[in-house]
Amino acid sequence: MKYDNQLRYAVGIVKQYDGRFPLSVWLKDFFRENKQMGSNDRKTVSHLVYSYYRLGRHSFNTIEERLLAGIAWCSGESSALVDYFKPDKPLVSASGIFPWTGLLSKSIDAEAFGLSFLQQPALFLRIRPGKKKTVIEKLEASGTPYHLISESCIGLANTTKADSILSLNSEVVIQDLSSQKTGEFMQSISPASIWDCCAASGGKSIMAHDLLGDIQLTVSDLRPSIIGNLHERFREAGIKEYSAFIADLSDPAEALSPHKYDLIIADVPCSGSGTWARTPEQLYFFDPAGILHYTTLQQKIVSRIIPALNPGGTLLYITCSVFESENEGMVQFIKDRSGLQLKRMELIKGYYEKADSMFVASFSNYGLSS
């Protein structure tokens, strides 16, 4: 009876939810309004709903049928839900989950990528310099299972409450494995000045600070609230010397500082398609016509920021997209319109490692004059 009620709750949620807000936020509001649901009910219903969306664009006759197929594919063998409902495991294909294979970057393994939506990615932490011993001791003292992926990266179960064990931003930074790998593109250069032009919460800036040492750091973002959160995060991270400003880089009329930089990090707004295994509702509600919105926005942003690059400087273009037009297509746009020289580009395939997928390309302005 308990599981039947949970299934009914999940059906009701799917009928109401329209994708306009992140599912995680919507569910929090739903559970707040339905206080009769205990923590186990909330956890199970959330799993049911997320499993529903993990099946992507597959068609089913009823919501109940799809929910049961979701738990058959997305639950562990010892799942109480599977034991109770004993659902059939219908045929599921990568192309049924993610049908837009013709839009993918060419290096993407469409089969592996499509099937990766059936599992929740892991939680990754980047260990800050000098904190490894402390972090390992705290994890072991708490009995938390972990996987030391590198000297500075730890993988944890996605449900781990890392903030109850470790000091976030001071000892570790929550940062996806693929995002951490973009740091390899920074380590080959020695910039004195950096502009993180779409800084968001500042994860790339903190990584640049940790990898490159004493730098003149400037951060900007369109949203005042984001810059406010960034200030707090930098305080926790011990970063005191930096400049910050608010700017809409897609607006050609907005005045920018004449300052120039040795490294510009452009982690641009994008479809986020490389992260949809964490937010499968975005896969379910995705309209491919929206890609044009992002490529147009990306073109406007890079056109504004390239003149701020010092001679000999580096532009680091980053997306968390798997779509060719946002990745290799933008590389061609930058080469054609700016005269920058492509040094290296890579599609970081996180779907093999329970991580996000990201694209990164580095350009030099050799030959450009100030």
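Good morning, colleagues. Please keep in mind throughout that this is a predicted model.

I begin with the aromatic rings. Across the whole structure, a search finds 28 aromatic pairs. One of them joins Y53 and Y284 in an edge-to-face arrangement, with 5.0 Å from centre to centre and 75° between the planes. This pair links distant parts of the chain: Y53 belongs to helix α3, residues 39-54, and Y284 to helix α12, residues 280-285, and the two are 231 residues apart. Are these two tyrosines buried or exposed? Y53 has a relative accessible area of 1% and is therefore buried, the cut-off being under 20%. Y284, at 26% relative accessibility, counts as partly exposed.

A second pair, F286 with F323, is stacked, with 5.5 Å between the centres and 15° between the planes. Here too, distant parts of the chain are linked: F286 lies in the loop between α12 and α13, F323 lies in the loop between β9 and α14, and 37 residues separate them. Both F286 and F323 are buried.

Y53 and Y284 also belong to an aromatic cluster, whose other members are Y9, Y17, W26, F30, F31, Y52 and F285. One member of that cluster, Y52, has the charged end of R66 over its ring, 4.6 Å from the ring centre. A further example of a charge over a ring involves K89, which lies over the face of W73 at 4.5 Å from the ring centre.

Which residues does A200 touch, leaving aside its neighbours within four places in sequence? The contacts are D221, R223, I226 and L230. As for N229, 29 residues away along the chain, its C-alpha atom is separated from that of A200 by 8.7 Å.

Rolling a probe the size of a water molecule over the atoms shows where empty space is left. How many cavities of 30 Å³ or more does a search of the whole structure find? The search finds 1. The volume of the largest cavity is about 110 Å³. It is lined by 15 residues, and those closest to its centre are S116, P121, A277, Y351 and A355. By class, the lining comprises 7 nonpolar, 6 polar and 2 charged residues.

Thank you for your attention.

How values were computed:
Residues numbered from 1 in each chain as written. Predicted model: local features only at pLDDT ≥ 70, side-chain atom pairs only at ≥ 80, totals over all residues. Heavy atoms only, no water. Phe/Tyr/Trp six-rings, centres within 6.5 Å; stacked < 30°, edge-to-face > 60°. Helix = DSSP H or I, 4+ residues; strand = E, 2+ residues; numbered from the N terminus. Buried < 20%, exposed > 50% of the residue type's maximum accessible area, 1.4 Å probe, protein only. Lys NZ or Arg CZ within 6 Å of the ring centre and 35° of its normal. Contact = heavy atoms within 4.5 Å. 1 Å grid on protein atoms, 1.4 Å probe; cavity = no way out; pocket = protein on both sides within 12 Å on 5 of 7 lines; lining within 4 Å. Points joined across faces, edges and corners; volume = space filled by probe spheres on them. Nonpolar A, V, L, I, M, F, W, Y, C, P; charged D, E, K, R; others polar.
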